[in-house]
Amino acid sequence: DGSVLHQGGKFENLLHLYKTHPEYIERYEAVMVMDDDVGIDTAGINRCFELREQFDLWLLQPAFDPIGKISHGVTKLQPGPTLRYTNFIEMTCPLFEKAALDRFMAVFDPDLKGWGADWWFLQVHGVPPSGLDGKVAVADIVPCINPHDAAKPGQMREITKLQGRDDRVRVWERMKATHKLTEWPKVQFSIVYLC
């Protein structure tokens, strides 16, 4: 199909692709935007796409196995073959319904390098956090491993090479003020048991 080289973070690169080669993305119903070091197999990725379509979700992520890094408790793998409706998923490996990704890319500012992108892509749907119920989920039936920073080359996250942590936080605070974005308590709404 093709490839495009562009230096930057994953959402920054995706925005570049949207602007320069929209034909690469137009044909898809859903797009997964995953860090390249996440441990998940092809069957797990395919199952995420199936679940997103089956449950008509805006956003879905596989659950994080606790042998890896857990940044937000609501994304941690829970026992059982379940899908949990939540008001939060994180930016490590979100699967977007194409229309949801279009809404995010229409407003995304590439100055933001990671920190806060998840909060932003959750808020582009024009609903309050409770309005995400039934549209955002974590799939425990599909576990993945987000490697600890110490396991990464140089014991450092790739994003840190683009922008240091303190700068990422400052940019997020600016984006929150500029775009009237917020953060809220992360909650699980309900559980669907899958066979």
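View 1. Phe 88 is buried, at 0% relative accessibility; buried means under 20% relative accessible area, exposed over 50%, and partly exposed in between (1.4 Å probe, protein chains only). This is a predicted model, in which local features need pLDDT of at least 70, side-chain atom pairs count only at pLDDT 80 or more, and totals for chains, interfaces and linings use all residues. Residues are numbered from 1 along each chain as its sequence is written, and side-chain values use heavy atoms, with hydrogens and water left out. Lys 186 lies over the face of Phe 88, 5.2 Å from the ring centre. A charge sits over a ring if NZ of Lys or CZ of Arg is within 6 Å of the ring centre and within 35 degrees of the ring normal.

**View 2. Aromatic pairs.** The whole structure holds twelve aromatic pairs. Rings of Phe, Tyr and Trp (its six-membered ring) pair if their centres lie within 6.5 Å; planes under 30 degrees apart count as stacked, over 60 as edge-to-face and the rest as tilted. Phe 11 and Phe 121 form a tilted pair, with centres 6.0 Å apart and planes at 55°. Phe 11 is in helix H1 (residues 10-20) and Phe 121 in helix H5 (residues 117-122), 110 residues apart. Helices (H or I, at least four residues) and strands (E, at least two) are DSSP runs, numbered from the N terminus. Both Phe 11 and Phe 121 are buried. Phe 88 and Trp 119 form a tilted pair too, with centres 4.8 Å apart and planes at 50°. Phe 88 lies in the loop between strand E3 (82-86) and strand E4 (95-97), and Trp 119 in H5, so the pair ties together parts 31 residues apart in sequence. Trp 119 is buried, at 6% relative accessibility. One aromatic cluster is formed by Phe 11, Phe 96, Phe 104, Phe 108, Trp 120 and Phe 121.

**View 3. The buried face of helix H4.** H4 spans residues 98-107, and its buried residues are Lys 98, Ala 100, Leu 101, Phe 104 and Met 105. They fall within an arc of 155° seen down the axis, so they line one face of the helix. The arc is that of the directions from the helix axis to the C-beta atoms. These buried residues pack against H1, helix H2 (23-26), strand E1 (30-32), E4 and H5. Contact means heavy atoms within 4.5 Å.

View 4. H3 (residues 42-54) has 13 residues and reaches 18 Å from its first C-alpha to its last, close to the 18 Å expected at 1.5 Å a residue. The expected span is 1.5 Å times one less than the number of residues. Which residues of H3 are buried? They are Gly 44, Cys 48, Leu 51 and Arg 52. The face turned away carries the exposed residues Thr 42, Ala 43, Glu 53 and Gln 54. On the buried side, H3 packs against E1, strand E2 (59-64), E3, E4 and E5.

**View 5. Cysteines without a bond.** The structure holds zero disulfides; a disulfide is a pair of cysteine sulfur atoms within 2.5 Å. For Cys 48, the nearest cysteine sulfur is that of Cys 93, 7.4 Å away. For Cys 93, it is that of Cys 144, 4.1 Å away. Cys 48 is buried, at 0% relative accessible area. Cys 93 is buried, at 0% relative accessibility.
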